[in-house]
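This briefing goes through side-chain contacts in one structure, grouped by topic. Please look over the sequence and the model before reading on.

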Amino acid sequence: MILFSCARALIYSLAMLLLLFWATYADGIDIFVSTGGNDSALGTSIGAPLRTITKALRNAKATGGARIRVLGGAYGDDTETFPLQPGSGTIITAYAPRDPPRIGGARNSPIVWGHDIPPVLPPEDEDPPWLEDDYAARLSNLVLHDGGACPGGFGGAILVTRGSLLAEDCQLIDNHVYTGAGVAAEGGSKVILKRCLINDNYFCGGFKSIGTAIDVK
């Protein structure tokens, strides 16, 4: 009876460990970024954040995906390498939704470029599945501004090429590019926007035209 109880307890403990491992793996890791951080830090705790989203994305790629939690502040071309390229299973999100980070480009490239993440496509004549069901790159509670490339270019704040991307509660403002200054998608991409503000995005030269805010090829 004692041996049976010990064995049962051991099996239960192993099951809990496996469940904990699976939950941790499924959720991925958290990487923290702050304007006061240091890219030499581990970035895996709020007390030792990285300085740049660029470095956080490199770390996320090495681990097969992560949740990058960005503290409020301004992140620009003086520290970041644009375009930012979130990979499969990676989310860039505000640490505190009420204090969204402002990610500003230099109008020489898109701010975020999601690419080569195969979307999950529905059977013919059926509604497409939400991106939560596949490995789309994700953006949440971010302010993306001053992206794009003039006098030409395609994609200002967000460009998606042969990929899948979900953006929630983001603000895409004051981006300038030839077409698709807010969001541009090409190559059979799947893009879903939820509760996003797309405003004051302009064609090169400072005026609005067809396809200025959103363009799909």
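**Contacts in the predicted model**

F203 counts as buried, at 17% relative accessibility; buried means under 20% relative accessible area, exposed over 50% and partly exposed in between, with a 1.4 Å probe and protein chains only. This is a predicted model, in which local features need pLDDT of at least 70 and side-chain atom pairs count only at pLDDT 80 or more, while totals for chains, interfaces and linings use all residues. Residues are numbered from 1 along each chain as its sequence is written, and side-chain values use heavy atoms, with hydrogens and water left out.

**Aromatic pairs**

- The count comes to two aromatic pairs, where rings of Phe, Tyr and Trp (its six-membered ring) pair if their centres lie within 6.5 Å, and planes under 30 degrees apart count as stacked, over 60 as edge-to-face and the rest as tilted.
- F32 and Y95 form an edge-to-face pair, 6.1 Å centre to centre and with 65° between the planes.
- This pair links distant parts of the chain, 63 residues apart: F32 is in strand β1, and Y95 is in the loop between β4 (91–94) and β5. Helices (H or I, at least four residues) and strands (E, at least two) are DSSP runs, numbered from the N terminus.
- F32 is buried at 7% relative accessibility, whereas Y95 is partly exposed with a relative accessible area of 34%.
- Y178 and F203 form a tilted pair, with 5.1 Å between the centres and 50° between the planes.
- Y178 lies in the loop between β13 and β14 and F203 in the loop between β16 and β17, so the pair ties together parts that are 25 residues apart in sequence.
- Y178 is partly exposed, with a relative accessible area of 45%.

**A charge over a ring**

- K217 lies over the face of F154, at 4.1 Å from the ring centre; a charge sits over a ring if NZ of Lys or CZ of Arg is within 6 Å of the ring centre and within 35 degrees of the ring normal.

**Salt bridges**

- A search of the whole structure finds seven salt bridges, each a side-chain nitrogen of Lys or Arg within 4 Å of a carboxyl oxygen of Asp or Glu.
- One of them joins R107 and D146, at 2.8 Å from N to O.
- R107 lies in the loop between β5 (102–104) and β6 (108–109) and D146 in the loop between β9 (143–145) and β10 (148–149), so the pair ties together parts that are 39 residues apart in sequence.
- R107 also forms a salt bridge with D174, with the closest N and O atoms 3.4 Å apart.
- Here D174 is in the loop between β13 (171–173) and β14 (183–186), so the pair ties together parts that are 67 residues apart in sequence.
- R107 is partly exposed at 34%, and D174 is partly exposed at 30%.
- E168 and R195 form another salt bridge, the closest N and O atoms being 3.8 Å apart.
- That pair links E168 in strand β12 (residues 164–168) with R195 in the loop between β15 (190–194) and β16 (197–199), 27 residues apart.
- R195 counts as exposed, at 57% relative accessibility.
- D30, R67 and R69 are linked in a network of salt bridges.

**Strands β12 and β15**

- β12 and β15 pair in the parallel sense over five bridges; two strands pair if DSSP finds at least two bridges between them.
- The bridge partner of A167 in β15 is L193.

**Cysteines**

- The whole structure holds one disulfide, defined as a pair of cysteine sulfur atoms within 2.5 Å.
- C150 and C204 form this disulfide, with their sulfur atoms 2.2 Å apart.
- The torsion about the S-S bond of C150 and C204 is about -90°, so the disulfide is left-handed.
- C150 is in the loop between β10 and β11 (158–161) and C204 in the loop between β16 and β17 (214–216), 54 residues apart.
- C150 is partly exposed at 40% relative accessibility, whereas C204 is buried at 10%.
- The sulfur of C170 is 4.7 Å from the closest cysteine sulfur, in C196, too far for a bond.
- C170 is buried, at 1% relative accessibility.
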